[in-house]
Amino acid sequence: MNSIAASLLRLIQENWRKLLLGVASMVVFLFLWSLYAAWLKADWPFHGASGAAEYVPYPWEVLNAFYLSFWSHPVSGLYMGSHVYASLKRMVAGFVLAFVIAVPAGLLMGRMWKAEAVAKPVVELFRPIPPLAWIPIFLVVFGVVIGPIGIVFLGIFFPVLLNVQFGARSVDSSLIDAARTLGARRLDIFAKVVLPFTVPYLMTGITVGLGIGWMCIVAAEMLGAVGGGVGYFIFTTAGNSQYPEMFAGMLMIGILSILTTGIAGLIERRLSKWMGMR
Amino acid sequence: MDRKIIIAIVIAAIVIVGIVAAAVLLNRDGKGGSVRYLAFAPKDMKAALATNQVDAYIAWEPYVSDSVVGHVGEVLIWTEDIMPNHPCCVVVVRNAFLSQPNGVELAQRFVKAHIEATDWMNAALADKTGANYTKLVDMAVGFTSRNATVVEAAFEHLQFRYEMGSSFDSALEKFTNMYIDLNMTTSSKLTDRGYASVDNFVEMYANETYLEAADSIAPSAIINSESPVHLGYLNGDLHQLAQVVAKNTEVTGTGKSLFETYGVKVADAVGVPFANGGAEMDGFAASTVDIGYLGAPPSIIKHLNAGTGTTIIAQANVEGSGLVVGVDSGIHDLHDLMNKTVAVPGPPAEQSIQFLLLKIELERNGLDFVVKT
């Protein structure tokens, strides 16, 4: 326990400028938010309430709603923990599915012109379609369990695919030539040159994809969300005009996104170090 | 450096797992004796039932008759059997609109046209061989994008009615109390809006004076030619057919619509047709809708929770919703729905009258109604 405290203290000492700036920006943000809410509600020091007064709660009202959502204010009979659990299940399933399909597809598209020629028209056709448009179709075709996972999958799939493709295409030809000179076969080149070279690009794709995945979770849980979900929580509270609770749901999405992209970033750093790229 | 981040993430993960575990323990269990619900858009319910995504659904017309006529489903129970003459869609006015010049008079004239349209529809429905019946069906087909067979079947379980009265008030009181029990609004919200109690809220919020004043309204030239009343309504909702009839220029036989006959120029509000009542209430909050047709629940919830300044000035219909189960599903009564999944309109799943009525009926039968997990 002492070593953890010491580690945390050293971490703070090493990064105090960054931490200070981060805290300062958060304080300014909360102050401006409070000021705007006070202006809408005509609280001190403002006069004359706005029609949108109820739509923007104070930060402390949101924090209170956030706290209560875990213990005493269920939405659809479910506490926030259950909504988080339901969303995490969808995210993990959507991520695994996207990873398993996008990585080999991206590698093939990046290294084989025939694969790119076949896949590119389909990819470019479907890539710009917002996941929201797929919801009714996915629910009916894939069902209420797989359908929402499919929406998250779409959000993660394309960033991973395109980054892996770009990475695979960007492999320095001198590295491949060197490997060939040393007697490497095609499979060896793929496994020992192309694949490692692509890893940083893959990690960037994952980081971006996870962010988009969390954006998609709101759309994915709009309809037929078994067990609720944070997106469902947001939709329900917004529909009921329970705005502090709605913002609390948004805060939860932000926290989950920071956690998951943080883990991805950590893995990226460790992989880079392990591969001698840092 | 990385080790510390790992420690921080592990601590965060432990906290999340703890919270999830605590929440699972705190959540109501719904073990046995419960029917599960999921939120669906009514337009997708028929397909969801046909593909066995759900075992039943509850919705308003024409989404009920659509499945019945298409041999996808059959009606297990009509909402009229749960609560006879239960309210559904209403006419709502923006309070700030009433404060504008001619605002009150325009609302009264609007209500007069709504009454005339409702009476015309009821007369047309009473004579199925008449030309007006055919005209009404054509209008309904155009508005709902459903065929004539579906629309005619839907008319069988739907009553167009503008009067409010004591049964309307007591139903709204019951629904408001259910919202408080369901944690969708609070007693303090009532107090914040200046209401002493639920009874007092309904008494103030459902204002019958516009219906009473409409008696003395006579046809006149248009009094708001420069600034039309911005009308809100929902997408293809058959319950709101009165506004289609009141806008139609073939109903009166004079070449003028009923709205025009009673001196009101009406224009569709920005955003119509709205996808749901909540979106329409946001239109009221943004002052883009002056008078609109929508379900009573979103009107109540948004008025109490968001403080949207609106008032109910007439009913649009009563009844007209049903619980649909698959053909040959083996579901013959509500107990057969135990541990099965019912699609309800939403989200918010708990807001619709259909949800509330089904919850009432399930509880009468000793069954809980819990979200599907």
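In this predicted model, helix 5 of chain A passes helix 6 of chain A in a left-handed crossing; a crossing is left-handed if the near helix is turned anticlockwise from the far one by less than a right angle, and right-handed if clockwise. The axes of helix 5 (residues 113-126) and helix 6 (residues 135-169) of chain A come within 12 Å and cross at roughly 145°. Axes here are lines fitted to C-alpha atoms, for helices over the stretch in contact, with angles running from 0 to 180 degrees between N-to-C directions. From helix 5 of chain A, the contact (heavy atoms within 4.5 Å) draws on E116(A), V123(A) and F126(A), while helix 6 of chain A brings F158(A), L161(A), L162(A), Q165(A) and R169(A). Five of these contact residues are nonpolar, one is polar and two are charged. In this grouping, Ala, Val, Leu, Ile, Met, Phe, Trp, Tyr, Cys and Pro count as nonpolar, Asp, Glu, Lys and Arg as charged, and the others, Gly among them, as polar.

Chain A as a whole has 10 helices and zero strands, where helices (H or I, at least four residues) and strands (E, at least two) are DSSP runs, numbered from the N terminus. Its C-alpha trace spans about 75 × 55 × 35 Å along the principal axes. The loop between helix 3 (59-71) and helix 4 (80-111) of chain A holds S76(A), which has a positive phi of about 60° although it is not a glycine.

Turning to chain B, the axes of helix 9 (residues 165-181) and helix 16 (residues 296-306) come within 11 Å and cross at roughly 55°, so these two helices of chain B are oblique to each other. Helix 9 of chain B passes helix 16 of chain B in a right-handed crossing. The contact is formed by residues including L172(B) and Y179(B) of helix 9 and I300(B) and L304(B) of helix 16. By class, this contact in chain B has seven nonpolar, one polar and no charged residues.

Two cis peptide bonds can be described in chain B. One joins V272(B) and P273(B), with omega about -10°; P273(B) sits in the loop between strand 7 (266-268) and helix 15 (277-285). Another joins G346(B) and P347(B), with omega about 0°, and P347(B) belongs to the loop between strand 12 (341-345) and helix 17 (353-364).

Between them, chain B and chain A bury about 4000 Å², 64% of it on carbon and sulfur atoms. Buried area is the accessible area (1.4 Å probe) that two parts lose on being put together, summed over both. The contact takes 50 residues from chain B and 47 residues from chain A. Two salt bridges are found across the interface, each a side-chain nitrogen of Lys or Arg within 4 Å of a carboxyl oxygen of Asp or Glu. The side chains of K189(B) and E54(A) meet in a salt bridge at 4.0 Å, N to O.

Residues are numbered from 1 along each chain as its sequence is written, and chains are lettered from A and ligands numbered from 1 in the order in which they are written. Local features need pLDDT of at least 70, side-chain atom pairs count only at pLDDT 80 or more, and totals for chains, interfaces and linings use all residues, while side-chain values use heavy atoms, with hydrogens and water left out.

Definitions and conventions: Angles under 35 degrees count as roughly parallel, over 145 as roughly antiparallel, 65 to 115 as roughly perpendicular and the rest as oblique.
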